[in-house]
There are 2 protein chains.
Amino acid sequence: MKTLQVDLGQRSYPIYIGSRLLEQADLLTRHIRSKQVLIVTNETVAPLYLQQVLDNLSDFVVETVILPDGEQYKTLDYLNRIFDTLLTHKFSRNASLIALGGGVIGDMGGFAAACYQRGIPFIQIPTTLLAQVDSSVGGKTGVNHPLGKNMIGAFYQPQCVIADMSVLSTLDDRQLSAGIAEVIKYGLIREPDFFAWLEDNLESLLDRDVEALAHAVERSCRNKAEVVAADEKEADVRATLNLGHTFGHAIETGMGYGSYLHGEAVAIGTCQAADLSRRKGWLTDADVERIIRLFKRARLPVEPPAALDANRFIELMAVDKKNVDGNIRLILLKSIGEATLPVGVEKALLVATLNGYGRKG
Amino acid sequence: MKTLQVDLGQRSYPIYIGSRLLEQADLLTRHIRSKQVLIVTNETVAPLYLQQVLDNLSDFVVETVILPDGEQYKTLDYLNRIFDTLLTHKFSRNASLIALGGGVIGDMGGFAAACYQRGIPFIQIPTTLLAQVDSSVGGKTGVNHPLGKNMIGAFYQPQCVIADMSVLSTLDDRQLSAGIAEVIKYGLIREPDFFAWLEDNLESLLDRDVEALAHAVERSCRNKAEVVAADEKEADVRATLNLGHTFGHAIETGMGYGSYLHGEAVAIGTCQAADLSRRKGWLTDADVERIIRLFKRARLPVEPPAALDANRFIELMAVDKKNVDGNIRLILLKSIGEATLPVGVEKALLVATLNGYGRKG
């Protein structure tokens, strides 16, 4: 097991990365402060891992909320079900909330913990690759609104994150690929050697080789932790983690939450950002090809949905959190391994990418 | 005008206290960062003061949310109306939210600002005495849940607070008295001289003498600011600000939000806490009489509602945020001017107060 410390002063916390971590009760219980524990999970994960976590908590008063599985349930209404359970059982301010599931469960569980009695302790057990490399680091929590993704939320840090590679054995192929999309992102924005490592080791990741997965998770979390430690509240460099996300969020919102996985939308969005970076004169044609090829090998979509035309994209991108006074700002690439801070983009170039990249005939 | 600085490191902010402050546009605009401004207010305050604030913001893009007036609307559903407006108008992360109203508007506006895009700048213009002395200092924001008051929220600091004594001229008598209940609390928990000043100057406050009101607001805010600066997240001494509130919240929840004003419930709850402090051997009979007399002179209720018996009180008090593992803890008084930290209470004594204090026959 590796332990990666996320350095945020008083809010620092460890990420445990390794195999069969759910069998180690102590990893979990050392971070719990009182007898009251709420587990938030979903209908897919509960039959697989809930009992294992409950077995670790036999000395505690444990309640469970099992939500339906999917981004379309990441709403204020479903969040309120968590509050209902906490209040029905009179949970106090020192009760702990464990989020057992993918990114949606982590975001909702974290936001519920942030808001319940203005903040209770929170532990993340991410069960998808995406959640292990992305939503488990950085403290971003929240829910969606019909008019925009992740528009309601809080920055809130967990007590610890338990990233168990063993749980990835039950992850379906599509979810695994979606997680790899975010892994590739870390190579693209700040570590060219890791991007090259991914080109060499992609098949091992797709084969769920535990060593390769642990390396990918550790490199991704370390990169993200360094960025977040430098800029917790996203004043500048943290925004680079959003490479591909402004396009990606537009795809998720525009197509309806749940039709594309987050990582799939980010894969497409990153290819669009790469295309726009080429039009800016920063990436070469060969760079863009290399990026698209790696996403394709990871069995990810790389072309925007035909149903969203350029106007609709721009409309959806106008509510992005990076924007200033309504002007669209994007993270682009200076090279493979170096992202820009958010930059305003000439509308003609953006339209050229939206109409020109990945559009057939 | 007096300026009181609330000292919270990077989150420090000024409270402006004086007359005719709404006429000074610069007090407001110096704290706004971008063109986008949302004003959240209610149906009572809007006809009185909204235009005055709008006149100060002629250079900005201003949207307004007007909520119905009352504690019963402090819910997630009404909070969502604020998000709807922010998103419909594509407000960015550097947009400002102005809460123009009493405690309910301050709590909801502040919580909306805390959550929208994980936090946007927020300015408080409290229009009731209660909000000026209580909810404008300390960063507590949030909404109610059917099972408990203020159970969903965040700690979130404003950019500034504009406490204009002139707006108190239109406050109805019952609201004025409710505010005085919280003012009396500051004397009781930590400043015996201020309690004595209130005994001498209560009629001036009831007559809305601007000088007396400004003094009361300034002393209250200074006391609260000192407590909050010492303990922002309510690890210990901040809990003393909750004198009377555990009983009071039970009254508000048990009788239905809106039947008692918050300050009215706190007045009753503080008398109950004083009675329990006497049973603990800390206050004398004369102390308790002195406390009850001042609340009565302020035209506040001092007896618990007959509809809530001791069992129902205890049931309602069991969800209080100060509790640990479900055990009720209360703030009591060692003397007039000195509060305890949260203490566990022998159930027999609590029942004696609930059955014995203020119950006829």
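Predicted model: local features only at pLDDT ≥ 70, side-chain atom pairs only at ≥ 80, totals over all residues.
Local features need pLDDT of at least 70 and side-chain atom pairs count only at pLDDT 80 or more, while totals for chains, interfaces and linings use all residues. Residues are numbered from 1 along each chain as its sequence is written, chains are lettered from A in the order in which they are written, and side-chain values use heavy atoms, with hydrogens and water left out.

Chain A has 13 helices and 13 strands, where helices (H or I, at least four residues) and strands (E, at least two) are DSSP runs numbered from the N terminus. The radius of gyration of chain A is 20 Å, close to the 21 Å given by the globule rule for 361 residues, so chain A is as compact as a globular protein of that length. The radius is taken over C-alpha atoms, and the rule is 2.2 Å times the number of residues to the power 0.38. Along the principal axes, the C-alpha atoms of chain A fill a box of roughly 60 × 40 × 35 Å.

Of the 361 residues in chain A, 64% are buried (under 20% relative accessible area, with a 1.4 Å probe and protein chains only). Among contacts in chain A with a separation of 6 or more, 75% are between residues 24 or more positions apart; contact means heavy atoms within 4.5 Å. UniProt, in an unreviewed entry, lists residues 65-177 of chain A as "domain: 3-dehydroquinate synthase N-terminal"; such annotations may be inferred rather than shown by experiment. Over residues 65-177, chain A is 34% helix and 29% strand, and the end C-alpha atoms are 28 Å apart.

The contact between the chains takes 39 residues from chain A and 39 residues from chain B. About 3,500 Å² is buried between them, with carbon and sulfur atoms giving 56%; this is the accessible area (1.4 Å probe) lost when the two parts are put together, summed over both. A:Leu87, A:Arg93 and A:Arg118 supply 22% of the area that chain A buries against chain B, more than any other three residues.

In chain B, B:Gln117 lies in the loop between helix H4 (103-115) and strand E6 (122-126). B:Gln117 is buried, at a relative accessible area of 1%. Its side chain reaches the backbone oxygen of B:Phe91 at 3.1 Å. Leaving aside residues up to four places away in sequence, B:Gln117 touches A:Met151, A:Val319, A:Lys321, B:Phe91, B:Ser92 and B:Arg93.

Conventions
Buried < 20%, exposed > 50% of the residue type's maximum accessible area, 1.4 Å probe, protein only. Polar contact = N/O pair within 3.5 Å; in protein donor to acceptor, adjacent residues only side chain to side chain.
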